[in-house]
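Have a look at the chain first, then skim the points below.

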Amino acid sequence: MNGKSVYGEQRSNKRKLLKVKALLKIDGMETVLGRTLDVAGDGLSLQLDSAVKPAELGMVGFELFHEGKMTSITARVRAQHCVLGSGGFKVGFQFVNLDLGMMAALGRYLK
C-alpha cells in the first residue's frame, strides 16, 4: 500500500483553488454552464447542476487569470467521479491528451 487511506485523498498532484465559470460539452449532449472548484496539472473539478457518468468524454473551457493576464483553457476531459452535494453535482475530470500550451499555462498558474 502507498500509505494513503482507502477513504482519504487519492490524488497525488498539487491542486489549486479556482472559482471561475466553465463551459462543459459532454459528447452527444448540450453544452452546460458550470463552475470550477479546483484545478491540477492532470484535471479539475466542476460544480454542475446535472450529473455526469464516470468515463464520459467531453470538452471543457474556462479562463485563468494569472500574472495580470487572462488565458483561455480548452481541454478534452474524461469524467472520473460524480457526487451530489449541497450546491449541485461535484464532478472530477481528468485531462485527456492535454495540449502543451495548455499544460504550460496550467503549470504557471499552479506554481
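**Quick tour of the chain**

The chain exposes about 7000 Å², with carbon and sulfur atoms supplying 56% of it; accessible areas come from the Shrake-Rupley method with a 1.4 Å probe, and for residues only the protein chains shown count as cover. Bear in mind that this is a predicted model: local features need pLDDT of at least 70, side-chain atom pairs count only at pLDDT 80 or more, and totals for chains, interfaces and linings use all residues. Residues are numbered from 1 along each chain as its sequence is written, and side-chain values use heavy atoms, leaving out hydrogens and water.

**Overall layout**

- Of the 111 residues, 33% are buried (under 20% relative accessible area; exposed is over 50%, partly exposed in between, with a 1.4 Å probe and protein chains only).
- Among contacts (heavy atoms within 4.5 Å) with a separation of 6 or more, 50% link residues 24 or more positions apart.

**Lysine 14**

- Lysine 14 sits in the segment before β1 (15-17) and counts as exposed because its relative accessibility is 53%.
- Beyond its neighbours within four places in sequence, lysine 14 touches Val39, Ala40, Gly41, Leu110 and Lys111.
- Its C-alpha is 8.5 Å from that of valine 39, 25 residues apart along the chain.

**Arginine 35**

- Arginine 35 belongs to strand β3 (residues 31-40), and at 39% relative accessibility it counts as partly exposed.

Definitions and conventions
Helix = DSSP H or I, 4+ residues; strand = E, 2+ residues; numbered from the N terminus.
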